[in-house]
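Please walk me through this model, one feature at a time.

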Amino acid sequence: MTAFGQEKTPLPLFDVDIQLIRFGEVDADVLLYNMHDNENTSALAGRVFAEKYAGDYYELIHTGKRNLSFLHGKDSVHVDPNRIYTDTGIWLQLEKNEVTDSLAFAAIAQWRDSLLAILRPEDRLLVIALHNNTANKYSYKSYKPGEEYADEAQDLSRGSVCDKDDFFFVTDIDQFESLSKSKYNVVLQSTLTLTDDGSLSVYCYQKGIPYINVEAQHGHLTRQIKMLVYAYRDLIEDQYADKQDKQTRRALKKKLRELIRASKF
Ligand SMILES: [Zn+2]
């Protein structure tokens with residue numbers, strides 16, 4: 001049975017009160033996830049989409065800020081919730097804070113594991129991360145040759161939508177080719193020169209989980225919802241239009257993922 005509605009799960013880390021809020025359809029094929037608490041356009045877009053259209057939407061809520069901050073001894077430690085999905089990423093975050101304590105690492109890793117056990121990205125047909133950026137800073141152009149994140153991208157597709165802050169970031173070449181036919185900008189994550197920074201896109205790539213990021217400028221709510229609908233139709237509805245039942249689809253997808261994983265390690 002499909003259940004709809006809203007749930008709240010407490011997920012504290014050290015002294016920080018963190019809630020994981022959920023909207024939409026339980027166990028849906030598509031996971032929608034907003035992990036930066038200051039990216040409120042994304043949060044609204046995700047809630048609206050999950051309630052009116054499709055998907056199982058989750059959102060991290062704590063201080064209204066991007067990073068999770070907690071006390072370690074007498075010092076404040078700041079951790080980006082999009083840099084903790086791999087162990088390497090957690091260590092890099094701790095390094096930035098000049099922390100080398102393996103207990104701190106273990107606590108964050110355990111928190112991450114509890115979070116992933118609820119989100120269950122590996123059971124989904126698609127993981128959609130929702131992010132917002134600020135005008136004229138980070139954009140799809142940041143992935144162009146010579147720019148800050150050039151090494152993280154394998155290919156770029158420029159859409160007719162002129163706003164460079166609104167773009168899809170994908171991990172799979174088929175998704176890239178499909179979404180490149182849209183009017184939106186698309187970035188394909190690199191498989192060769194990718195940095196393991198602990199972000200969810202890296203984690204999903206390593207696990208063979210289909211992942212896209214729908215990224216829009218703060219305040220571009222309509223645009224972000226339209227991009228979400230487009231991506232959902234293009235990557236889910238059109239791909240699974242035949243009448244296979246849910247279980248068969250999942251079994252097929254699982255097999256495919258096992259193959260992808262086996263081909264990588
Ligand atoms: Zn973000």
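This is a predicted model: local features need pLDDT of at least 70, side-chain atom pairs count only at pLDDT 80 or more; totals for chains, interfaces and linings use all residues.

Q: How many helices and strands are in the chain?
A: Helices (H or I, at least four residues) and strands (E, at least two) are DSSP runs, numbered from the N terminus. The chain has 7 helices and 11 strands.

Q: What share of the chain is buried?
A: A residue is buried if 20 or more other C-beta atoms lie within 10 Å of its own, exposed if 12 or fewer, and partly exposed in between, with C-beta atoms placed from the backbone. Buried residues are 38% of the 265 in the chain.

Q: What span should helix H1 have?
A: The expected span is 1.5 Å times one less than the number of residues. For the 13 residues of H1 (residues 40-52) that gives 18 Å, and the end C-alpha atoms are 18 Å apart, so the two agree.

Q: Which elements do the buried residues of H1 pack against?
A: The buried residues of H1 include Thr41, Ala45 and Phe49. Their partners are strands S2 (19-24), S3 (30-34), S4 (56-61), S7 (126-133) and S11 (211-217), and helix H6 (221-237).

Q: Is helix H5 mostly covered or mostly uncovered?
A: H5 (residues 200-207) is mostly covered, with 6 of its 8 residues buried. These are Leu200, Ser201, Val202, Tyr203, Cys204 and Tyr205, and they pack against S7, S9 (167-170), S10 (185-189) and S11. Glycine 208, with a positive phi near 70°, follows H5.

Q: Which residues touch the most other members of the largest nonpolar core?
A: In soluble globular proteins, nonpolar side chains tend to be buried together. A nonpolar core is a set of buried Ala, Val, Leu, Ile, Met, Phe, Trp, Tyr and Cys residues joined through C-beta atoms within 7 Å. In the largest, of 59 residues, Ile128, Phe168 and Ala231 touch the most other members. H6 gives the most to this core, with 6 residues. Beyond four places in sequence, the contacts of Phe168 include Leu179, Tyr184, Ile212 and Ala231.

Q: At what angle do helices H2 and H3 pack?
A: Axes are lines fitted to C-alpha atoms, for helices over the stretch in contact, and angles run from 0 to 180 degrees between N-to-C directions. H2 (residues 87-96) and H3 (residues 102-119) pack at about 130°, with axes 10 Å apart. H2 is therefore oblique to H3; angles under 35 degrees count as roughly parallel, over 145 as roughly antiparallel, 65 to 115 as roughly perpendicular and the rest as oblique. Asp87, Ile90, Trp91 and Leu94 in H2 meet Ala104, Phe105, Ile108 and Ala109 in H3.

Q: Where does aspartate 27 lie?
A: Aspartate 27 is in the loop between S2 and S3. Its phi is positive, about 60°, although it is not a glycine. Aspartate 27 counts as partly exposed because it has 13 C-beta neighbours inside 10 Å.

Notes:
Residues are numbered from 1 along each chain as its sequence is written. Two residues are in contact if their C-beta atoms, placed from the backbone, lie within 7 Å.
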